[in-house]
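Work through the exercises below with the sequence and the model open. Try each task before reading its solution.

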Amino acid sequence: MTDDYCATGADGPGGESRDLGAAGDQGPPYAECVLCRKPTEYPESYKGVTLCPVCAWQEAQRTACSG
């Protein structure tokens, strides 16, 4: 998959649809994904690398052992 998928929006953890463009308008300010700069599920105060669910999945695919 490409980063285009990440930019169009993704389903939330329970399969519910999320509007990633408006994620910053609801609740606390969210940290940006370090790869695609879209809002993540983490607050801005979160320490460490923050990835959106799509980029986290893609990173896991890249680093998985193909054994």
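Helices (H or I, at least four residues) and strands (E, at least two) are DSSP runs, numbered from the N terminus. The model is predicted, so local features need pLDDT of at least 70 and side-chain atom pairs count only at pLDDT 80 or more, while totals for chains, interfaces and linings use all residues. Residues are numbered from 1 along each chain as its sequence is written, and side-chain values use heavy atoms, with hydrogens and water left out.

**Exercise 1.** Locate V49 and state whether V49 is buried or exposed.

Solution. Step one: V49 sits in the loop that runs between strand 2 (39-43) and helix 2 (53-63). Step two: apply the classes, where buried means under 20% relative accessible area, exposed over 50%, and partly exposed in between (1.4 Å probe, protein chains only). Step three: the relative accessible area of V49 is 61%, so V49 is exposed.

**Exercise 2.** Describe how strand 1 and strand 2 pair.

Solution. Step one: two strands pair if DSSP finds at least two bridges between them. Step two: strand 1 (residues 30-32) and strand 2 are joined by two bridges in the antiparallel sense. Step three: P39 in strand 2 is the residue opposite E32. Step four: six residues lie between the strands of this hairpin, and R37 has a positive phi near 65 degrees.

**Exercise 3.** Describe the surroundings of T40.

Solution. Step one: T40 belongs to strand 2. Step two: its relative accessibility is 3%, so T40 counts as buried. Step three: leaving out residues up to four places away in sequence, T40 touches Y30, A31, E32, C33, T50, L51 and C52; contact here means heavy atoms within 4.5 Å.

**Exercise 4.** Find the salt bridges and describe the residues that form them.

Solution. Step one: a salt bridge is a side-chain nitrogen of Lys or Arg within 4 Å of a carboxyl oxygen of Asp or Glu. Side chains of opposite charge can pair when their charged atoms come close. Step two: the rule gives two salt bridges. Step three: one joins R37 to E32, with the closest N and O atoms 3.1 Å apart. R37 is exposed at 57% relative accessible area, whereas E32 is partly exposed at 40%. Step four: the other joins E59 to R62, with the closest N and O atoms 2.9 Å apart. E59 and R62 are three residues apart in helix 2, so about one helical turn separates them. E59 is partly exposed at 30%, and R62 is exposed at 53%.
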